[in-house]
Amino acid sequence: MTGPAGTRVLSLDSLVRIQRGRLTPGAPRRLPVPDGMTAPMGCDAVAVPARFGPQVLPRLPRVGCVYADDAHWWWLVPSDSDYALEWPAPAHYAAGAVLPDSPADTGAADLPGLIHRPDGTLPYTPPIPLYLALCRLTGTTPVWSRPVTA
């Protein structure tokens, strides 16, 4: 939601969700689905080191929500986008869009920032093009192209 002069306005629901996350000790940190968007297929995330982020973007036909911090770029994908796929290292697949713990975690304030929001109401980056882009960048053969061994 945006207010006058293009400033971002948070809904009451968003403020309550952020506050609950900060008050619940041990609660997992999740990447949020932005206000006005829906995730009917659930939501997972794929993280790559920040140095790969700018290289991945132009290789994708559609880009969903992308979050970033100094260390990683995170793409929201539909739940179970890891089914039958081995995401190439150094990518990290996060079921439920749950961020890994770190000793300095202090709550919602340290979540990665949203750097790309797509038009429309779906937050997803299509997982197969993302997977192929990451395979290409990391020099990994996609699982369906590998030789079958007995």
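Trainee: Is Arg29 buried or exposed?
Mentor: Residues are numbered from 1 along each chain as its sequence is written, and side-chain values use heavy atoms, with hydrogens and water left out. The classes are buried for under 20% relative accessible area, exposed for over 50%, and partly exposed in between, with a 1.4 Å probe and protein chains only. At a relative accessible area of 14%, Arg29 is buried.

Trainee: Which side chain meets Arg29 in a salt bridge?
Mentor: A salt bridge here is a side-chain nitrogen of Lys or Arg within 4 Å of a carboxyl oxygen of Asp or Glu. A search of the whole structure finds one. Its N to O distance is 3.3 Å, and the partner of Arg29 is Asp110.

Trainee: How many residues apart in sequence are the parts that Asp110 and Arg29 tie together?
Mentor: Helices (H or I, at least four residues) and strands (E, at least two) are DSSP runs, numbered from the N terminus. Arg29 sits in the loop between α1 (12-23) and β1 (44-49), while Asp110 belongs to the loop between β4 (92-94) and β5 (113-116). Asp110 is partly exposed at 26% relative accessible area. The pair therefore ties together parts whose separation in residues is 81.

Trainee: Six bridges join β1 to which strand?
Mentor: Two strands count as paired if DSSP finds at least two bridges between them. β1 also pairs with β4 in the antiparallel sense over three bridges, with Ala45 opposite Ala94. The six-bridge partner, also antiparallel, covers residues 72-77, and Val48 stands opposite Trp73 there. That strand is β3.

Trainee: How many residues lie between β2 and β3 in their hairpin?
Mentor: β2 and β3 pair in the antiparallel sense over three bridges. In β3, Trp73 is the bridge partner of Ala68. The count of residues between the two strands of the hairpin is three.

Trainee: Why is β3 largely enclosed by the rest of the structure, and how many of its residues are buried?
Mentor: For β1, six of its six residues are buried. β3 is largely enclosed because of its own buried count, which out of six residues is five.

Trainee: What is the phi of Ala97 near?
Mentor: Most residues other than glycine have a negative phi, and most peptide bonds are trans. Ala97, in the loop between β4 and β5, is buried at 1% relative accessibility. Asp80, in the loop between β3 and β4, has a positive phi too, near 65 degrees, but counts as exposed at 56%. For Ala97, phi is positive and near 55 degrees.

Trainee: Which element of the chain has the lowest mean pLDDT?
Mentor: The chain averages a pLDDT of 85, and 77% of the residues score at least 70. Where pLDDT is low, the predicted coordinates should not be read in detail. β2 has the highest mean among the elements, 98. The lowest, at 52, belongs to α1.

Notes: This is a predicted model: local features need pLDDT of at least 70, side-chain atom pairs count only at pLDDT 80 or more; totals for chains, interfaces and linings use all residues. pLDDT is the predictor's confidence in each residue, from 0 to 100.
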